[in-house]
Amino acid sequence: MKNFSIDQKEGLAIITLDQPGEKVNKLTAEILGEFKECIQNIEGDKSIRAVILISGKKDNFIAGADIRIFSTFKQRGDAEKFSREGNEFLSRIANLSKPVVAAIHGSCMGGGLEVALACHYRIASVESQTKFSFPEVNLGLLPGAGGTQRLPRLIGIPKALDMMLTGKSVFPRQALKMGLVDEIIHQKGLLEAAKTQARSMAGSKPHPVKKKQSLVESLLEMTASGRKMIYSKARNKVIAKTYGHYPAPFKIIQCVRSGMEKGMKAGLEEESRQFDHLAFSPESKMMVGLFFAMQEAKKNPWPSKVQKTGKVGVLGAGLMGSGITDVTVQAGLPVVLKDRDLATAGKGLKGLWKGYEKKVAKKIISPFERDRLIGMITPADDYSEFNKIDLVIEAVFEDLKLKQSLLAEVENAIPKQGIFASNTSSLPISEIAKKAKRPANILGMHYFSPVQKMPLLEIVRTKKTSEQALATAYDVGLKQKKTVIVVSDGPGFYTTRILAPYMNEAMLLLEEGIKIEDLDRSMKEFGFPVGPAVLMDEVGLDVGAHIAEIMSGLFAKRKHGTSTSAKTLVDAGFKGRKNKMGFYLYEEGLFKRKNKEVNEDVYQYIGGKARKDFEANEVQERMVLTMINEAAHCLSEGIVASPQDADLGAVLGLGFPPFLGGPFHYIDQIGPAVILEKLHTYGRKHGNRFDAAPILKDYGKKNRKFYE
């Protein structure tokens, strides 16, 4: 067999999965076929008394099903057939008379976790690389090989729903506590521990492990009314978070309920039917398309030009600088964290220590791992260590002169081949590099806050940036586990540039009299994760005003109506959450408002205290049209290279609704001609800011799509 090897000794069969030529194991039709052959041979061999399943990959058990299999689903029923075949095979493992022990190190996700759940005992390595998740919901799908049935039976309905409805990762110590795995051990002892357990189970009939539940959880699950309460609570949480835009969470709840009320067989049948339904849903098609785009973005366009990065310098130990430091050391690259003095740099280091301590407390990482990561960070107040640094990432306040002076200092301190990257969100990189000695080594690396959670990295190239610098920055971004897009230089680059008119429209709506809560609710109902007023409070109104000022020149050339209300609010002392004076009220201390309460003092500076009602549809169209129209301008001007990159940037960087696929997928769905007509309609009423981008006019007249 190509993907499996079987080592048979002393009554044990050790099955090793190692997909050749791949970094991770992924379930394919070929692998499932070979796996069936393995199990069939073991079933018929009386000398084998127990089985161990282990991976031959460095840090991966099974990463899930190969998503490319979705391209083989041509008509309804194809996905159901695939799910049924998977269920039949894993049921065969679960019902095997010989115990099967899963020895898990590395990522165990999706279909990989379903394989582990079908085994009779699970031992996991304690290393932080080991994690368990059902990420299918993020593709608009549900676990389609028994996951909706076996997980709740193993760890209980509430915990199972939490895992499947969020797609979140569970780490080894958490997995042990909740009963997802039966034992944890250091990686080096994993196989031996699995052998010991397999021998102890050999010859006996595998039996289900008792769930680890509190008394309250057990009592809830024991009664029909208790279970009904669990499902109702889960549905309400989904509606509150998604406004019902995503069908997958509701189907997951339906499958769990069906199986727990009617039995395993009925549950598996329901799972296969709903898997097929979701696989052909428009939401899943968009989200799977985004997944493929993300996979494509993992390929460095200039692999032969990458120069080795041994050590990274980060300038600025604030929120952004600390976040960049964190993802960099997690990538295995040591960091010199510099600020104006050691006390400030040390404060940044202390913040990182606290973050790692929280992970230790939650049993996500070990104290040893915490100490290792902290040991990779050197606080500094000068450039004495920078002669050994290959890449410097500047993350200081958005001030052009400050960034230019830092660049001059860095160029004198680092090796000639060293790269300088600015984390600016709006200042043109060419302006920062205006007096640079080595402009070929200068680019932008625009991270998003919070850096550890936001998946996008926007690399900004000037006309003088070398491919070597781009390739190296791209390589570092991939090591930091970011999805990378490369854009051309200009005010706001791509993401900030398309966000600016969106936020401008929000300010203009507030000037016209919309209530803050109505504005935010309308955009959340459309599918954005947060409303524009909340976003401005989080980012900082002073930052928003600064960006508006930088972008004003560009928009003035097109005679756009630009709001100056953000500056007015800042001048009046409103900066958002940072100074607890924003569009919403914020409190000190332990007792905080459960629901955000509008700060009505804002109204006297923006449109007056008299407020009026707006149609949600009008608000949504005005806001979204400005964003997608600006995205079209960026594509026309070559700021962004492709509709695919533009969609990735908007979804991953700005929260554009994933189920809509991004600005250009959205244009294609509505129809370019319809979008063009809507822009004309709003333009007649509100002015030049709704003038269509040239490429939209062209596509609208020809009714041509961006994704043919």
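What follows is a dialogue on reading a few features of this predicted model.

Reader: Let's begin with the sheet. In what order do the strands of the eight-stranded open sheet run?

Author: Reading across, you get β12-β11-β10-β13-β14-β15-β16-β17, and the pairing is mixed.

Reader: Which strands stand at the edges?

Author: Look for strands with a single partner. Here those are β12 (377-380) and β17, so each has one side left without a neighbour in the sheet.

Reader: Which strands does helix α16 touch?

Author: Helix α16 (residues 400-413) packs on the sheet against β10 (312-315), β13 (391-394), β14 and β15. The direction of α16 makes about 165° with that of β14.

Reader: Now over to the β17 end. How many bridges join β16 to β17?

Author: Six, and the two strands run parallel. Leucine 457 is the residue opposite valine 484 in β17.

Reader: Next, helix pairs. At what angle do α14 and α15 pack?

Author: With a helix pair, take the angle, the axis distance and then the handedness. α14 and helix α15 (residues 367-375) pack at about 160°, and their axes are 9 Å apart. That is over 145 degrees, so α14 counts as roughly antiparallel to α15. The crossing of α14 past α15 is right-handed.

Reader: Which residues make the contact between α14 and α15?

Author: On the α14 side, pick out Leu349, Leu352, Trp353, Tyr356, Glu357 and Val360; on the α15 side, Pro367, Arg370, Asp371, Leu373 and Ile374. By class, that contact has eight nonpolar residues, three charged ones and no polar ones.

Reader: Let me try another pair. How do the axes of α2 and α3 cross?

Author: Helix α2 (residues 78-94) and helix α3 (residues 111-118) cross at roughly 35°, and their axes come within 8 Å. The contact brings Leu90, Ile93 and Ala94 of α2 against Glu114, Val115 and Ala118 of α3. Five of the contact residues are nonpolar and one is charged, with no polar ones.

Reader: While we're on α2, is serine 83 buried or exposed?

Author: Serine 83, which sits in helix α2, has a relative accessible area of 1%, so this residue is buried. Leaving aside residues up to four places away in sequence, serine 83 touches Gly144, Ser272 and Phe275.

Reader: And for a whole helix? Which residues of α20 are buried?

Author: List the buried positions, then ask what lies over them. In helix α20 (residues 516-526) they are Ile516, Asp518, Leu519, Asp520, Ser522, Met523 and Phe526. Their cover includes α19 (495-512), α21 (532-539), α24 (616-637) and α26 (663-670). Just after α20, look at glycine 527, with a positive phi of about 135°.

Reader: Which residue has a positive phi of about 55° although it is not a glycine?

Author: That's tyrosine 243. You'll find tyrosine 243 in the loop between α9 (224-242) and α10 (247-262). With 33% relative accessibility, this tyrosine counts as partly exposed.

Reader: What about lysine 481: where is it found?

Author: In the loop between α18 (467-479) and β17 (483-488). Lysine 481 is another non-glycine with a positive phi, about 65°. At 71% relative accessibility, lysine 481 counts as exposed.

Technical notes:
Residues numbered from 1 in each chain as written. Predicted model: local features only at pLDDT ≥ 70, side-chain atom pairs only at ≥ 80, totals over all residues. Heavy atoms only, no water. Helix = DSSP H or I, 4+ residues; strand = E, 2+ residues; numbered from the N terminus. Buried < 20%, exposed > 50% of the residue type's maximum accessible area, 1.4 Å probe, protein only. Pairing = 2+ DSSP bridges. Contact = heavy atoms within 4.5 Å. Axes fitted to C-alpha atoms, helices over the stretch in contact; angles between N-to-C directions. Parallel < 35°, antiparallel > 145°, perpendicular 65-115°, else oblique. Left-handed = near helix turned anticlockwise from the far one by under 90°. Nonpolar A, V, L, I, M, F, W, Y, C, P; charged D, E, K, R; others polar.
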